[in-house]
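Here is a short tour for anyone who likes to look at packing before setting up a calculation. Please have the model open as you read.

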Amino acid sequence: MKILVANRGEIAVRVMRACRELGLRNVGVYSDGDRDAVHVRYADEAHHLGPSPAAESYLRSDRVIEVARRAGADAIHPGYGFLAENAAFARACRDAGLLFIGPAPEVITLMGSKTAARQAASRAGVPVVPGSEEPFGPDVPMEAIADTARRLAYPVLVKAVAGGGGKGMRTVATPDDLAAAVRAARGEAESAFGDAAIYLERRLERTRHVEIQLLADRHGTVVPFVERECSIQRRHQKVVEESPSPVVTADLRRGMAAQAAALARAVGYTNAGTIEYLLDADGRFYFLEMNTRLQVEHPVTEMVTGVDLVQWQIRIARGDALDLDPERAIAPRGHAIECRIYAEDPDRRFMPSPGTIVSLRSPSGPGIRDDSGVAAGSTVTVFYDSMISKLIGWGADRAQAIARLRRALMEYQVLGVRTTVPFFRWLLAQLDFEVARFDTGYLDRVLEHRTEPFAPVSEADEEIAAMAAALDAYFRLRPGAPTTTPGHAAKDSAWKRAARLDGVRS
Amino acid sequence: MTVTFEVELNGRSRTVAIERRAPAEADRFHVIIDGRVRVVDARRDSDGRLSLLFPEEGGTSYDVAVAASGRGEVTIHLPTASLRAVVNGRRARRPSDAGATAGEGEQRIAAPMPGRVVRVLVAPGDEVSPRQPLVIVEAMKMENELSASRAGRVKDVRVREGSSVEAGKLLVIVG
């Protein structure tokens, strides 16, 4: 079996590692801008897809399938993002006689429609957030939408039926703002997903994001896993994920897991998937949506269960039966937390920081896993998501996991681009984080009022830095110079050497 | 033999004098900074990473990376923070250069980013001391204090309180 990995960066490397462990050959693909990327070097073989923009390379399903055929691949792993939840691509793979490592295209289509997914959840007995049953197409009059909003009670959320990642989503506090929000959400949904249909949901206050990972084989076995909590979000994007959730009890866990498995069975789900829930302060949970792919945060589940989810994805696709102990899958061993490391400047409102990574020192040691897609010399371009790695810490309990992550974040050193490492050093030192007092709005509320830099510099730090800068200059201009040369002559020539060195550098 | 460097860091210029000790202690240096002598055992590896030990301060160890970040600037990476510095004022100057520039002659203080001038703290003719704040610019909800890097006399103030400025806009000239 030979597997083409239709992705880039850390997730391409992650999937290739699983291939190698299973003794399977892997095929990488790359765009113009990724010729030097780590996933290309790591691959057993790699083939060119097209120009750097994703629409001309990683999103070109025809090119990906053509490369798979030419390379003699039997299967395609889509990773996450790009073509991972594209039903047409899954169907095209099937038509081309290629195994798509993921669910059937019909299931991707069903769960890809947020309203159809909500209906499927309701039918399977899973509670959903109160909202509109049917999608509002572009022709539905505003009065009908306003009626629904009134019935749900404000505040409401206007969401894209084909949505995801916070796109095409608006919060509406009062009836006066509804029309404008609907127009804006429709416009965004149309341009992002090519579908202007929207629906309404009641906005639940102060909820946590808790999700259930599951695996389903092609023989009817569904195994749900211990939950992940992903409430630390910035503008609807997950930033930190952990397993188990610090607030979910064993009973609640069983309930969430059983409902997730019931829904997966009801829709004929296969392979890896995730059911996302909102959890309110009273311990009630509501179906939010299903992700029909491997998720960015899958490592935290792997760390607390010892199950390799990516290997299982491949094994399920080729027809193996799941033989996991379902009790072990929902009984976490210790605690794992993941930080998504982005090439962004946290001190400039998380502005992307593209550039070349001059030097990279990755953390290691007890309980640390660094799923990285970059190395020294790698270029972070503006064409793709700027996540460069995921740092995962495991501990016997949550406190140890935090302590290990904080230690690892001190070791992590990326030179050449700004990263969110200093932000995580700060976040993991916050009392609210330590005691898990947060909901999905926590981070945005804290960041809104924050003006101080994430890495405050003390007087002592400044002095060490000044000494280091001077010593560095000293060593540069006196490589292996004798220590005994006295007098002014030597000093003068040293300055001249420094001037020359500077001339060469600039 | 002593080699002296001017290190400009966070708007402040420091004189750092480095003197190697006896040949038998090849890695040991006397570093004089802010009038204080500190004994440092320093090593630099081929990647430019420095290991600093302070044998007379309990042996405290620092692992520091110093990387050239262009225009004569270096970035110093400590385990908890990264700082930019200019050594010996050799940064190539551009008209758009933000902030105060080092070295001899005029100091031309420019807006580092687009924003609004919240306060002007000096007037032409004022004597200013090093690190004295001159103008406060608010940008992205943050107030940025722009100060003189050296002592001098204010020659010109080019902005008024409340005015909006583009990045690189000249604000104050200190002679």
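This is a predicted model: local features need pLDDT of at least 70, side-chain atom pairs count only at pLDDT 80 or more; totals for chains, interfaces and linings use all residues.

Let us begin with the cores. The largest nonpolar core has 149 residues, and the members that touch the most others are A:Ile76, A:Ala468, A:Ala469, A:Ala470 and B:Ala85. Which helix gives the most to this core? Helix H17 of chain A, residues 459-477, does, with 11 residues. As background, nonpolar side chains in soluble globular proteins tend to be buried together.

Next comes the helix pair. In chain A, helix H1 (residues 9-21) packs against helix H11 (residues 309-317), with an angle of about 65 degrees and axes 9 Å apart. Angles of 65 to 115 degrees count as roughly perpendicular, so H1(A) and H11(A) are roughly perpendicular to each other. H1(A) passes H11(A) in a right-handed crossing. The residues that make the contact are listed here:

| Helix | Contact residues |
|---|---|
| H1(A) | A:Arg14, A:Val15, A:Ala18, A:Glu21 |
| H11(A) | A:Val310, A:Gln311, A:Ile314 |

By class, this contact of H1(A) with H11(A) has four nonpolar, one polar and two charged residues.

Finally, chain B has zero helices and 16 strands. Of its 175 residues, 29% count as buried. Among chain B contacts between residues at least 6 apart in sequence, 39% join residues at least 24 apart.

Technical notes. Residues are numbered from 1 along each chain as its sequence is written. Chains are lettered from A and ligands numbered from 1 in the order in which they are written. A nonpolar core is a set of buried Ala, Val, Leu, Ile, Met, Phe, Trp, Tyr and Cys residues joined through C-beta atoms within 7 Å. A residue is buried if 20 or more other C-beta atoms lie within 10 Å of its own, exposed if 12 or fewer, and partly exposed in between; C-beta atoms are placed from the backbone. Helices (H or I, at least four residues) and strands (E, at least two) are DSSP runs, numbered from the N terminus. Axes are lines fitted to C-alpha atoms, for helices over the stretch in contact, and angles run from 0 to 180 degrees between N-to-C directions. Angles under 35 degrees count as roughly parallel, over 145 as roughly antiparallel, 65 to 115 as roughly perpendicular and the rest as oblique. A crossing is left-handed if the near helix is turned anticlockwise from the far one by less than a right angle, and right-handed if clockwise. Two residues are in contact if their C-beta atoms, placed from the backbone, lie within 7 Å. Ala, Val, Leu, Ile, Met, Phe, Trp, Tyr, Cys and Pro count as nonpolar, Asp, Glu, Lys and Arg as charged, and the others, Gly among them, as polar.
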